[in-house]
Amino acid sequence: MNLRKEWCEQELHDNEEFVAHRPLEEEYSFYHAVSSGDMDYVQENCQQDTFTNPEGMGILSSNRLVNLKYHFVTEINFQKVKDKI
């Protein structure tokens with residue numbers, strides 16, 4: 001199976017399943033805290049396991065640690081793009 005077809009089939013499958021995601025406000029708050037250096041917010045978020053809670057996170061890797069790393073990098077980059085807009 002070619003990669004494009006496999007990707008399209010996976011997208012179709014994912015769209016048919018209801019996958020709950022975190023509220024955008026929650027993600028934006030974390031992005032803003034990281035980008036502005038609000039360490040109190042970031043530490044509180046991590047202590048409450050909000051960022052590391054896989055519920056609503058989505059899967060970017062089957063390895064839990066790699067998945068978390070990917071999400072962290074994605075969130076930081078998303079904030080950079082959002083700040084430029």
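My entries on the cavity, the pocket and a helix pair follow.

**Ground rules.** I am working on a predicted model, where local features need pLDDT of at least 70, side-chain atom pairs count only at pLDDT 80 or more, and totals for chains, interfaces and linings use all residues. Residues are numbered from 1 along each chain as its sequence is written, and side-chain values use heavy atoms, with hydrogens and water left out.

**Cavity.** I searched the whole structure and got one cavity of 30 Å³ or more. On a 1 Å grid over the protein atoms alone, a cavity is a set of points where a 1.4 Å probe fits but cannot get out; lining residues have an atom within 4 Å of a point. The volume of the largest cavity is about 60 Å³, counted as the space filled by probe spheres set on the points, with grid points joined across faces, edges and corners.

Which residues line the largest cavity? I noted Arg22, Glu26, Glu27, Phe30, Asn45, Thr50, Phe51 and Glu75. Helix α2 (residues 24–36) gives the largest share, three residues; helices here are DSSP runs (H or I, at least four residues), numbered from the N terminus. By class I have four charged, two polar and two nonpolar residues in this lining. Asp, Glu, Lys and Arg count as charged, Ala, Val, Leu, Ile, Met, Phe, Trp, Tyr, Cys and Pro as nonpolar, and the others, Gly among them, as polar.

**Pocket.** A pocket is an open set with protein on both sides within 12 Å along at least five of seven lines. The largest pocket comes to about 260 Å³. Of its 13 lining residues, His21, Glu27, Met57, Gly58 and His71 are the closest to the centre. Both α2 and α4 (64–84) supply at least two lining residues each.

**Helix pair.** The axes of α2 and helix α3 (residues 39–47) come within 8 Å and cross at roughly 130°, using lines fitted to C-alpha atoms over the stretch in contact, with angles from 0 to 180 degrees between N-to-C directions. On the α2 side, Glu26, Ser29, Phe30, Ala33 and Val34 make the contact (heavy atoms within 4.5 Å); α3 brings Tyr41, Val42 and Asn45.
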